[in-house]
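User: Hey, I'm new to reading protein models. Can you walk me through this one?

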Amino acid sequence: MKEPAKAVRIHEDDSVAVALEALPAGKSILGVTLADNIPGGHKFALKDIEEGSPVIKYGCPIGKASRTIKRGEHVHVHNVRTLLSENAKYTYSPDKESLEAWRKKAETKESTLPLIKAYKRPCGRIGIRNEIWIVPTVGCVNKTAELLAARANRELSAKYPGIDGFHAWIHPYGCSQMGQDHEKTRTILADLVKHPNAGGVLVLGLGCENNRVSAFKELVAGNTGDPTLYGHIDYLETQSVEDEISVGMDKLEKLAKNADSFKREKVPVSRLVIGMKCGGSDGLSGITANALVGQICDLFTAEGSSVMLTEVPEMFGAEQLLMNRCINESVYKDTVNLINGFKDYFTRHGQVVYENPSPGNKDGGITTLEDKSLGCVQKGGKAPVCGVLSYGDRVNRDPDNSPGGVYLLEGPGNDIVSTTAMTAAGANLILFTTGRGTPLGAPVPTIKIATNHPLAQRKKSWIDFDSSVMLLQETQFETRDNLASLILQTADGEYRTKNEKNGYSEIAIMKEGVTL
């Protein structure tokens, strides 16, 4: 294995380089003598940068120099300011050569990845877990849902070994909400009820809430016209029975008995839906973990898989790169509306669009939102952007007859809200990159990918994969192929992610308006 690099210049046009480990002042590296101590993940100037001039990283501006920065100096929040504003002009300048190459590659349909073993659901989707989910219509029955899940895990798991676990997805909503907030709650909950990783679902209501079980049942059924598509769902209104625990357990056992009959079958990877997320980013995120996930995105979408990117505020400053990869002008316009819509959301609440990155991000070496965003969108690789989803929408494509690609999903950067949104949109699993570390998990398997080796070593109970090894790889895609193998093992049920083993799975729903 080759010697580890000490610093990296990401793009040939960059005016800064990133230290891969702490470097002392006076050290000579990349032809520069360092004027300051440079913490790992932080930047230093490769040349003099005049006050007001753009600071270039990833080949793009990440801000402007707030004072003259000398060659070898530390480049960070003390001498760089954002270039972002609430208003920006966009143009559709498609990368025609890359899009055409992608279309030709998709048309060949040459598979390089093996089949996965998944559960075929009557609705036509696949699940990679066979779990029983309890979805409360209202927060008032949260504790009932948790008690039922805990008891079912104790009493029914051994009896029905084909079930991967019983889970309650608690939340505080379903009543005292108005307008859009109420409908968003109902939509996200209905999406979860229909998620293919659940072999059975118990919808648990109270009886007097706004999100009444009877009306919610109609929302779940939708316009399918075929009740058997979602025959794995049962409903319980707790005010209507004497002993909701006893009745609930009876219903859970019937759901488990039915779901236990499902068996894994071989299906192509094109049926897989993957969510991409980063949280607790650092200065190495765009160099290691996010870049690695971008390679995974290209590999799996070329096989026909669907990949989702969300965290819209963390596209600000990098959105034009995504727009240039839109497959047509219609998708480009949807992307512009997605970006401008989220900016409007900020300004409606009197907030500036560039109030980011977080203190932890800055400690890790991220200076501006552009710096964070350009690293964040690395997760999308070079694959085409083929669609834009509103919050609560689901990926709806025929994987057997349409090429794979990237979907942009409306949602915030908040970790739990965004992973919930991707789950509701149909993600079977989520790749979650992190430089600072976090234990949280989505309702679906959440593969945690560390950007740096110290984190992977220190938090082995959280981290599934150490992406820092890509800096040592002998061949271009060695680390990518190792992560791809872990993804396939996760899809097959052979690998349980750390969040699954630890029981770290939860949901959160986006809220904007008044609570009564």
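This is a predicted model: local features need pLDDT of at least 70, side-chain atom pairs count only at pLDDT 80 or more; totals for chains, interfaces and linings use all residues.

User: Where is Ser418, and what does it touch?

Analyst: Ser418 lies in helix H11. Helices (H or I, at least four residues) and strands (E, at least two) are DSSP runs, numbered from the N terminus. Not counting residues up to four places away in sequence, Ser418 touches Lys277, Thr310, Pro412 and Gly413. Contact here means heavy atoms within 4.5 Å.

User: And where does Gly413 sit?

Analyst: Gly413 is in the loop between strand E20 (405-409) and helix H11 (415-424). With 17% relative accessibility, Gly413 counts as buried. Leaving out residues up to four places away in sequence, Gly413 touches Lys277, Glu311, Pro313, Glu314 and Ser418. Gly413 and Met315 are 98 residues apart in sequence, yet 9.6 Å apart in space, C-alpha to C-alpha.

User: Glu311 is on that list. What's its phi?

Analyst: Glu311 has a positive phi of about 60 degrees although it is not a glycine. You'll find Glu311 in the loop between strand E18 (306-309) and helix H7 (319-323). At 1% relative accessibility, Glu311 counts as buried.

User: What about Tyr58, where is it and what is its phi?

Analyst: Tyr58 has a positive phi of about 60 degrees too, and it is not a glycine. Its place is the loop between strand E6 (54-57) and strand E7 (60-65). Tyr58 is buried, with a relative accessible area of 12%.

User: OK, new topic: Gly275. Buried or exposed?

Analyst: Gly275 counts as buried, at 0% relative accessibility. It is found in strand E17 (residues 273-278). Gly275 and Leu429 are 154 residues apart in sequence but 6.3 Å apart in space, C-alpha to C-alpha. Among the residues that Gly275 touches, not counting those up to four places away in sequence, are Met308, Met422 and Leu429.

User: Now helices. At what angle do H6 and H13 pack?

Analyst: Helix H6 (residues 289-302) and helix H13 (residues 478-492) pack at about 65 degrees, with their axes 10 Å apart. That makes H6 roughly perpendicular to H13. Axes are lines fitted to C-alpha atoms, for helices over the stretch in contact, and angles run from 0 to 180 degrees between N-to-C directions. Angles under 35 degrees count as roughly parallel, over 145 as roughly antiparallel, 65 to 115 as roughly perpendicular and the rest as oblique.

User: Which residues meet there?

Analyst: On the H6 side, Leu292, Gln295, Ile296, Leu299 and Phe300 meet Thr479, Arg480, Leu483, Ala484, Ile487 and Leu488 in H13. The residues of this contact of H6 with H13 divide into eight nonpolar, two polar and one charged. In that sorting, Ala, Val, Leu, Ile, Met, Phe, Trp, Tyr, Cys and Pro count as nonpolar, Asp, Glu, Lys and Arg as charged, and the others, Gly among them, as polar.

User: How do H3 and H4 pack?

Analyst: Helix H3 (residues 179-193) and helix H4 (residues 213-221) pack at an angle of about 60 degrees, with axes 9 Å apart. H3 and H4 are therefore oblique to each other.

User: Last one: how many aromatic pairs does the structure hold?

Analyst: The structure holds six aromatic pairs. In one of them, the rings of Phe342 and Tyr345 have centres 5.3 Å apart and planes at 80 degrees, so the pair is edge-to-face. Rings of Phe, Tyr and Trp (its six-membered ring) pair if their centres lie within 6.5 Å; planes under 30 degrees apart count as stacked, over 60 as edge-to-face and the rest as tilted. Ring pairs also link Phe316, Phe342, Tyr345 and Phe346 into a cluster. Phe342 is buried, with a relative accessible area of 4%.

Definitions and conventions. Residues are numbered from 1 along each chain as its sequence is written. Side-chain values use heavy atoms; hydrogens and water are left out. Buried means under 20% relative accessible area, exposed over 50%, partly exposed in between (1.4 Å probe, protein chains only).
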